[in-house]
Amino acid sequence: MWIYTIRRFNLFIITLLILTLIGFNILRLDATSAWSQTSFFSGWVTYLGELANGNLGVNQYGVNMLDEILRVFPATIELCFFAFLIALIIGTPIGTIAGMRQGKPTDTIVSSIALLGYSMPLFWIALILLMFFSLHLGVTPVSGRYSLLYEFDATTGFVFIDVLASKSPYRAEMLENIIQHLILPTLVLSIAPMTEVIRLMRSSVATVITQNYIKVAHTKGLSKFEIMVKHIIRNALPPIIPKLGIQLSGLFTAAILTESIFNWPGVGRWLLDAIINQDFVAIQAGVITVASFILLANILSDLLGAAVNPLVRKEFYALK
């Protein structure tokens, strides 16, 4: 396991170095920047040193990029976390049912709905839900992260933690307002990963139910529920854990569009504004931060998958 971990983190370091080349080249796109006036190699080495010290640069407006990232990134993490949680909570049982009833009408219906949800444009779904629930029914807010009527100290940047830590007598109302603002963005953002979770879980369950130990469990007289919980789900989940980490890249990409539609104050909308304004310092800071987070999440999901599934490590050593 230690060798597997070291190899994965070596891959992380190499990929991160390649990523810094992209970030450095983004800075050099600005002809007036000091980075474009230096030689490539010496400038890149200096750039690596600045990143190592936590310096993401200062844009033409004098705004420190590290402070900006710390301000907007928690909102995106919060949005993606709840969207991914919804995808797992809904997608796992549905995928399990579809896998257990492979080839039957239930499987066909689930697979068709999942394919339809994956195929529909995210912006179209977002606008339809926004028009129906916010404009027509008026049950959810149109945009934003919370109502500006409520005031609390943004200590961590995560509104749930900050509100719970506040001593305001209106904490319950603030939490309710935050949840109302969170419903539509997380629902829209969760659709694509949910369909992928359904597909992965269906395929994994379909493989597990053909194994001999499942047949033995049936002959022992165990109920379908016991077999599903103790044997099928327990053995179907570990193989898909590393694949779930890959979904984060798509989740962060979709978050850019979701944040723009719902006016969510996260790194996606901030990065889109930076692209429109051709703020190259902000663009490289956003790219480095988001890509590093995705890479780290992928590495950790691989390690978690290897820890709970010894077959992954066996396959790794077989390839050596």
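The largest cavity holds about 40 Å³ of space, a volume being the space filled by probe spheres set on the points, which are joined across faces, edges and corners.

The search of the whole structure returns 1 cavity of 30 Å³ or more. Its lining comprises 5 nonpolar residues, 3 polar residues and no charged residue; Ala, Val, Leu, Ile, Met, Phe, Trp, Tyr, Cys and Pro are classed as nonpolar, Asp, Glu, Lys and Arg as charged, and the others, Gly among them, as polar.

## Basis and confidence

Residues are numbered from 1 along each chain as its sequence is written. In this predicted model, local features need pLDDT of at least 70, side-chain atom pairs count only at pLDDT 80 or more, and totals for chains, interfaces and linings use all residues, while side-chain values use heavy atoms, with hydrogens and water left out.

The average pLDDT of the chain (the predictor's confidence in each residue, from 0 to 100) is 85, and 95% of the residues score at least 70. Across residues 315–320, by contrast, the pLDDT is below 50, and this stretch has 8 contacts in the model beyond near neighbours in sequence; a contact means heavy atoms within 4.5 Å. Where pLDDT is low, predicted coordinates should not be read in detail.

## Overall architecture

The chain contains 12 helices and 0 strands; helices (H or I, at least four residues) and strands (E, at least two) are DSSP runs, numbered from the N terminus. Along the principal axes, the C-alpha atoms occupy a box of roughly 75 × 60 × 40 Å. Of the 320 residues, 42% count as buried, where buried means under 20% relative accessible area, exposed over 50%, and partly exposed in between, for a 1.4 Å probe and protein chains only. Among contacts between residues at least 6 apart in sequence, 71% join residues at least 24 apart.

An unreviewed UniProt entry lists residues 73–301 as "domain: ABC transmembrane type-1"; such annotations may be inferred rather than shown by experiment. Over residues 73–301 the chain is 79% helix and 0% strand, with the end C-alpha atoms 21 Å apart.

## Selected residues

Helix H1 (residues 2–27) contains Thr20. Thr20 counts as buried because its relative accessibility is 6%. Beyond its neighbours within four places in sequence, Thr20 contacts Trp44, Tyr47, Leu48, Leu51 and Ile288. Phe82 belongs to helix H3 (residues 65–100) and, at 24% relative accessibility, counts as partly exposed. Not counting residues up to four places away in sequence, Phe82 touches Phe160, Leu182 and Thr186.

Asp162 is part of helix H6 (residues 159–165). Asp162 is buried, since its relative accessible area is 4%. Leaving aside neighbours within four places in sequence, the contacts of Asp162 are Phe152, Asp153, Ala154, Thr155, Thr156 and Gly157. Asp162 and Gly91 are 71 residues apart along the chain, and their C-alpha atoms are separated by 30 Å.

Conventions: On a 1 Å grid over the protein atoms alone, a cavity is a set of points where a 1.4 Å probe fits but cannot get out, and a pocket is an open set with protein on both sides within 12 Å along at least five of seven lines; lining residues have an atom within 4 Å of a point.
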